[in-house]
Amino acid sequence: MIPLSTRMRPRSLDEFFGQEHFLYPGSLLYTAIENRTFDSAVFFGPSGTGKTTLARIVAEKMDADFMEINASVTGTKELKEIIARSKDRFYGLENKATYLYVDEFHRWNKLQQDSLLKALEDGVIRFIGSTTENPYFSINNAVLSRVRNIYEFKRLSTDNIVSVLKRALTDRDRGFGAVDVKYDDDVLRILAEMTGGDARIALDTLGFIVENSGSERKITAELVKEAMQRQTLLYDRSEDKYNLLSALQKSVRGSDPDAAVHYLARLIDGGGDIQMIGRRLLVMASEDVGLAYPSAVSIVNSCVQAALMVGLPEARYNLSQAAVLLASCPKSNAVSAAVDSALSDLKSRKIDDVPAHLCDSHYSGAKSRGHGIGYKYPHAYGGYVKQQYLPDNLYREGKRYYNPTDNGSESSFKKFLEGLEMIYERDNKG
């Protein structure tokens, strides 16, 4: 039997879900496809996000010859044969180019990739390459320079996946619309969240459940659990993941690495994706740790990037390293409190303009406006000189936004700033 994901593959732009950051009515790509002016491109991103589907929609819309190959099973010999046939078509009576779609393009070595260059330059081939690897590392610069655009496909959102599943359940020709399948929206959302933004996995899991659910034809949380071989209890309610994220952050803030790892594990086991968890960890690094341990944000960012590259299940080690580090290091919210206080002032009161001596003076007429006049260049004074930086009314008030703590590395910043004040007072005695 043909898999549901194959049967439900979108056949037009109207049926295509996701990638709204570059594909939407009126976008350059959407218009190029509709106007049949699409040229060549590289699609990169995770599996199940629509790279092959969009390539086929492009080919259908262009009304051109379309060749689809996979770089893992096709070599240079076959590619040269395709180019030869494309030349006959391009220079012959048909006088039209061939769209060549190469899936997993990163699997070709430099020589194989370079085999396309002449055909691309001559216009014989219009090329669409797809890859799960970063094209700036995995594709030759010579090829990239001849391709007009590079589009990054992102994992589909939970809402996107739910829409895809509902379309499959209501489509009478290709899906289960002709079958009375019972389901709750909450159960579809559970399934969507557990598939990590991969529409192919979501659809094939749905097909497996419906085709083997017996005469009742009802999709339940238990069947989703069985099909995915994972617990669904944690995400039975849409707010559960936010409760777990909150518990994770509060455990980190409270310097309890055991609790932090516990809630991290529950998030992962419940279907939490790396980006969702990683974003919260990066927020904690600045909001709750800040300058008490300035390296935290760099280390956590490295852990999150490593997790994205490795993928689950092994990514749990990278995420756990970040969570334990954050929970175990000194804490300070002085940085987050400073910017929140500054934003609050901007919203609630009138703030004077930038002092004239701090304004840009690198243009003609600046001096006539008093801009830059009187500014003291700190490096000319050994690295520090006392002068006004805040707007007039805040300066007169002696406004302080950043109040460093004595925690961790922040104590050294506090001592440095206090030392500058002592220097100023010493130099201005009497």
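User: How are H9 and H10 oriented to each other?

Analyst: First, some ground rules. This is a predicted model, in which local features need pLDDT of at least 70 and side-chain atom pairs count only at pLDDT 80 or more, while totals for chains, interfaces and linings use all residues. Residues are numbered from 1 along each chain as its sequence is written, and side-chain values use heavy atoms, with hydrogens and water left out. As for the pair, the axes of helix H9 (residues 158-170) and helix H10 (residues 185-194) come within 9 Å and cross at roughly 120°. H9 and H10 are therefore oblique to each other. Angles under 35 degrees count as roughly parallel, over 145 as roughly antiparallel, 65 to 115 as roughly perpendicular and the rest as oblique.

User: What is meant by an axis and by a helix?

Analyst: Axes are lines fitted to C-alpha atoms, for helices over the stretch in contact, and angles run from 0 to 180 degrees between N-to-C directions. Helices (H or I, at least four residues) and strands (E, at least two) are DSSP runs, numbered from the N terminus.

User: Which hand does the crossing of H9 and H10 have?

Analyst: H9 passes H10 in a right-handed crossing. A crossing is left-handed if the near helix is turned anticlockwise from the far one by less than a right angle, and right-handed if clockwise.

User: What sits in that contact?

Analyst: From H9, the contact residues include Asp159, Ile161, Leu165 and Leu169, and from H10 they include Asp185, Leu188 and Arg189. Contact means heavy atoms within 4.5 Å. By class, the contact of H9 with H10 has seven nonpolar, one polar and five charged residues. Here Ala, Val, Leu, Ile, Met, Phe, Trp, Tyr, Cys and Pro count as nonpolar, Asp, Glu, Lys and Arg as charged, and the others, Gly among them, as polar.

User: Moving on. How do H16 and H17 cross?

Analyst: The axes of H16 and H17 come within 7 Å, crossing at roughly 165°. H16 and H17 are therefore roughly antiparallel to each other, and their crossing is left-handed. H16 brings residues including Ile299, Val300 and Cys303 to the contact, and H17 brings residues including Asn318, Leu319 and Leu326. The contact of H16 with H17 has 12 nonpolar, two polar and no charged residues.

User: What about the loop between those two, where Pro313 lies?

Analyst: Pro313 lies in the loop between H16 and H17, and the peptide bond from Leu312 to Pro313 is cis, with omega near 15°. Most residues other than glycine have a negative phi, and most peptide bonds are trans.

User: Which residues have a positive phi without being glycine?

Analyst: Arg36 is one of them, with a phi of about 60°. Arg36 is in the loop between H2 and strand E1 (41-44) and counts as exposed at 52% relative accessibility. Ser255 also has a positive phi, of about 55°. Ser255 is in the loop between H13 and H14 and, at 40% relative accessibility, counts as partly exposed. Buried means under 20% relative accessible area, exposed over 50%, partly exposed in between (1.4 Å probe, protein chains only).

User: What does Leu281 touch?

Analyst: Not counting residues up to four places away in sequence, Leu281 touches Leu248, Val300, Leu319, Ala322, Ala323 and Leu326.
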